[in-house]
Amino acid sequence: MNHEELVALDHQYAMQTYGRFDVDIDHGKGATLYDLAGKEYIDFSSGIGVNSIGYGNEKWVAAITAQAQKLGHISNLFYSQPYAQLAQTLCRRTGMAAAFFGNSGAEANEGIIKMARKYSFDKYGKGRGTIITLKNSFHGRTITTLTATGQDVFHNYFFPFTDGFRYAQAGSIDAIQEVAGHDVCAVMLELVQGEGGVYPMDPEYVHNLAVLCAERDWLLLVDEVQTGVGRTGTLFAFQQYGIIPDGVSFAKGIAGGLPMGGFLVNERCRNVLGPGTHATTFGGNPICAAAAQVVLDTLDEDALAAVTEKGNYIRTRIAHMGLSSLGESRGLGLMIGVEVKGEESNKVLAARLIQHGLLVLTAGTALRLLPPLTITMAEIDKGLAILEQTLV
Ligand SMILES: *Cc1c(COP(=O)(O)O)cnc(C)c1O
């Protein structure tokens with residue numbers, strides 16, 4: 001099949017819910033991808049932050065293959081070693097108390113939202129189920145996580161939306177206080193807003209927010225669906241903000257390309273969701289869990305330190321190019337936003353870079369770079385060379 005045939009097939013039989021770039025991807029190795037015609041692409045996108053250890057990692061392939069031969073799925077009515085061991089690895093490396101596994105970021109956020117409401121219900125009864133989220137946030141595409149998302153453009157078509165969400169301007173404790181009432185049970189935020197345009201939160205703000213949550217007995221929920229699993233240079237971003245959240249959701253990068261999400265809870269919340277209160281058929285699937293174990297083993301201290309260095313290197317190099325179409329960059333680790341200047345939008349620039357062999361993303365008004373965390377310096381240099389040659 002060639003590119004044109006594939007596009008025709010997709011248009012005829014696939015629901016057209018995505019505005020796709022006019023590029024297909026067939027296979028990959030490391031941080032390099034190839035289309036059906038064999039053209040090469042350097043990947044600064046990781047399938048939107050998913051392919052954390054690149055493509056075709058041999059340990060990852062071997063672990064998935066071995067687990068598929070042994071047991072591909074078992075219901076959560078039974079104990080399963082990959083599930084429990086993955087939970088242990090995550091808890092040991094974060095100081096959190098327990099883990100729950102699901103299948104996606106939105107589902108993970110649904111889980112911590114349910115947990116916050118139940119925590120409050122158990123202690124205070126009904127009427128304290130409101131969750132404060134931040135403006136410009138992104139929390140997912142289910143009805144409830146769309147509601148949690150603090151951007152008006154997402155609050156359309158699908159009425160009625162879920163009750164019990166209020167939005168505050170990021171970075172301001174006063175803004176939280178203004179929307180707070182006796183009905184609040186939690187605050188939920190991203191430590192670096194991803195889809196909103198790659199905006200890292202100010203550490204002092206996050207610290208003050210954690211203090212406020214503790215004073216009011218609100219749960220502090222951190223959406224690490226994009227920032228988690230090494231993306232920002234620590235295993236989870238909260239570890240460099242010096243806070244202990246009550247619930248932390250993760251997904252995207254956890255299993256290196258297989259669908260998995262979930263959340264971690266601290267000691268006080270470990271029993272909030274007791275037997276029968278929360279479940280999911282595929283959650284913690286043994287193949288995904290085996291894949292995730294390889295991802296976490298690969299992202300050891302050295303690999304995490306390299307994430308920070310590579311991120312700084314990319315940002316410094318781009319700044320030195322002095323391109324008239326790009327402005328300031330921001331971010332943490334290998335989660336980078338580069339502001340776009342001039343006539344052409346970030347979408348137009350991204351499409352041109354992709355056509356020239358560099359896969360990038362957009363977010364808000366910025367170009368967003370999320371390379372595989374294991375990308376080599378040679379691949380980074382190749383990608384940056386494409387960027388410099390393609391943009392002016
Ligand atoms: C991608 C993302 C989600 C949604 O994850 P899905 O797996 O697409 O459901 C939620 N929160 C954040 C911060 C994300 O980046």
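Predicted model: local features only at pLDDT ≥ 70, side-chain atom pairs only at ≥ 80, totals over all residues.
The ligand sits in the largest pocket. Its surroundings are formed by Ser-104, Gly-105, Ala-106, Asn-109, Phe-138, His-139, Gly-140, Glu-190, Asp-223, Val-225, Gln-226 and Lys-252. Sorted by class, this shell holds three nonpolar, six polar and three charged residues. Helix 5, which spans residues 105-124, supplies the largest share of the shell, with three residues.

A backbone N or O atom of Ala-106 lies 2.7 Å from a ligand oxygen atom. The ligand taken alone exposes 390 Å², of which the protein buries 81%.

Charged pairs within the protein were also counted. Side chains of opposite charge can pair when their charged atoms come close. With a cut-off of 4 Å between a side-chain nitrogen of Lys or Arg and a carboxyl oxygen of Asp or Glu, the count comes to 13 salt bridges. One of them joins Asp-10 to Arg-20, with the closest N and O atoms 3.2 Å apart. Asp-10 belongs to helix 1 (residues 3-13), whereas Arg-20 is in the loop between helix 1 and strand 1 (27-29), so this pair ties together parts that are ten residues apart in sequence.

Two features of the backbone remain to be described. Most residues other than glycine have a negative phi, and most peptide bonds are trans. Asn-136, although not a glycine, has a positive phi of about 75°. This residue is located in the loop between strand 5 (130-134) and helix 6. The peptide bond leading from Phe-159 to Pro-160 is cis, and its omega is near 0°. Pro-160 is part of the loop that runs between helix 6 (143-148) and strand 6 (165-168).

Definitions and conventions. Residues numbered from 1 in each chain as written. Heavy atoms only, no water. Near = heavy atom within 4 Å. Polar contact = N/O pair within 3.5 Å; in protein donor to acceptor, adjacent residues only side chain to side chain. Areas by Shrake-Rupley, 256 points an atom, 1.4 Å probe, with all protein chains shown as cover. 1 Å grid on protein atoms, 1.4 Å probe; cavity = no way out; pocket = protein on both sides within 12 Å on 5 of 7 lines; lining within 4 Å. Sits in = over half its atoms within 2 Å of the grid points. Helix = DSSP H or I, 4+ residues; strand = E, 2+ residues; numbered from the N terminus. Nonpolar A, V, L, I, M, F, W, Y, C, P; charged D, E, K, R; others polar.
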